[in-house]
Amino acid sequence: GEKSSYILSELAMTYLFLNEYKNATKYFKLSYQKSGIHNIFGISQLYYEALSFKELGKYKKALMLLNKIPKIIDDELFAKILSLQSICYFNLGKSDKALFHINASIGINPANSNYYKIKSTILNHLNLIEQSILCEKKAIEVDDENKRKELQMKQIIEEQANELKNKIEYYEQRTSIYNEKLKENPTSATLYSQKAAVLMELQQYHETISCCNNALKFNPKEKNALKSIFTLQEIEYCEARK
């Protein structure tokens with residue numbers, strides 16, 4: 001079943017990482033036989049079995065498996081499949097087919113520098129030296145661009161983390177202030193509803209409900225408390241729909 005297929009997949013990946021490709025091919029085969037090859041998981045298992053055969057230098061066997069794979073929607077995986085086909089064809093001395101497949105990979109995913117490196121090797125083998133050099137340069141450009149985007153994303157994540165930290169600290173301070181005020185005025189519906197709004201921002205929903213209930217106990221018409229309860233109901237509904 002599905003569970004045993006995933007277990008076999010984990011075992012196969014372990015052998016792959018340990019460079020024990022014979023065992024990897026065996027367990028990848030068992031994995032996709034149980035899951036079928038009409039879904040992304042099954043296709044990925046077939047791809048990794050082919051990759052293991054490629055590592056063993058069995059390029060024909062790898063191609064036989066890759067040629068079984070039906071057309072898929074996942075562009076990234078499809079580009080990998082084409083790239084692996086290209087490598088196999090190249091090692092079998094079929095440079096024209098290798099070039100065709102690596103060009104298709106680049107067409108699907110032009111942001112992968114490895115595809116340009118593979119193409120450069122093929123072009124160099126075909127004595128197309130100038131084109132090969134251009135591909136090498138393109139690979140460097142893509143690598144640099146990917147590093148720039150990675151750094152930019154890291155900076156964005158760090159900024160968002162800092163903003164979240166500051167926001168949490170602010171609302172925690174507000175909560176402490178309301179706690180002190182409620183000690184002085186424990187029957188204030190307004191204070192309870194204001195505290196509830198702060199707790200909601202901290203996603204402390206159980207405490208929010210408790211504060212809303214206290215606010216409504218002292219003033220059944222407390223609008224902010226009613227509004228908070230309505231918002232919580234919307235959140236609960238959206239979570240249930242996910």
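The model is predicted: local features need pLDDT of at least 70, side-chain atom pairs count only at pLDDT 80 or more, and totals for chains, interfaces and linings use all residues. Residues are numbered from 1 along each chain as its sequence is written, and side-chain values use heavy atoms, with hydrogens and water left out. A search of the whole structure finds five salt bridges and zero disulfides.

**Helix H3**
- Helix H3 covers residues 40–55. Helices here are DSSP runs (H or I, at least four residues), numbered from the N terminus.
- The expected span is 1.5 Å times one less than the number of residues.
- H3 is largely enclosed by the rest of the structure, because 13 of its 16 residues are buried. Buried means under 20% relative accessible area, exposed over 50%, and partly exposed in between (1.4 Å probe, protein chains only).
- Gly57 follows H3 and has a positive phi, near 80°.

**Cysteines**
- A disulfide requires two cysteine sulfur atoms within 2.5 Å.
- Cys88 is buried, at 0% relative accessibility. Its sulfur lies 20 Å from the closest cysteine sulfur, in Cys135, so the distance is too far for a bond.
- Cys211 is also buried, at 5%. The closest cysteine sulfur to its own is in Cys212, 7.1 Å away, again too far for a bond.

**Salt bridges**
- A salt bridge puts a side-chain nitrogen of Lys or Arg within 4 Å of a carboxyl oxygen of Asp or Glu.
- Glu55 pairs with Lys54, with closest N and O atoms 3.0 Å apart. Glu55 is partly exposed at 37%, whereas Lys54 is buried at 17%.
- Glu145 pairs with Arg148 at 2.7 Å between closest N and O atoms. The two are three residues apart in helix H8 (residues 129–184), so about one helical turn separates them. Glu145 is partly exposed at 31%, and Arg148 is partly exposed at 42%.
- Glu201 and Lys167 meet in a salt bridge at 3.4 Å, N to O. Glu201 lies in helix H9 (residues 189–201) and Lys167 in helix H8, so the pair ties together parts 34 residues apart in sequence. Glu201 is partly exposed at 39%, and Lys167 is partly exposed at 37%.

**Loop residue Lys221**
- Lys221 sits in the loop between helix H10 (205–218) and helix H11 (223–241).
- Lys221 is exposed, at 71% relative accessibility.
- Its C-alpha atom is 61 Å from that of Lys71, 150 residues apart along the chain.
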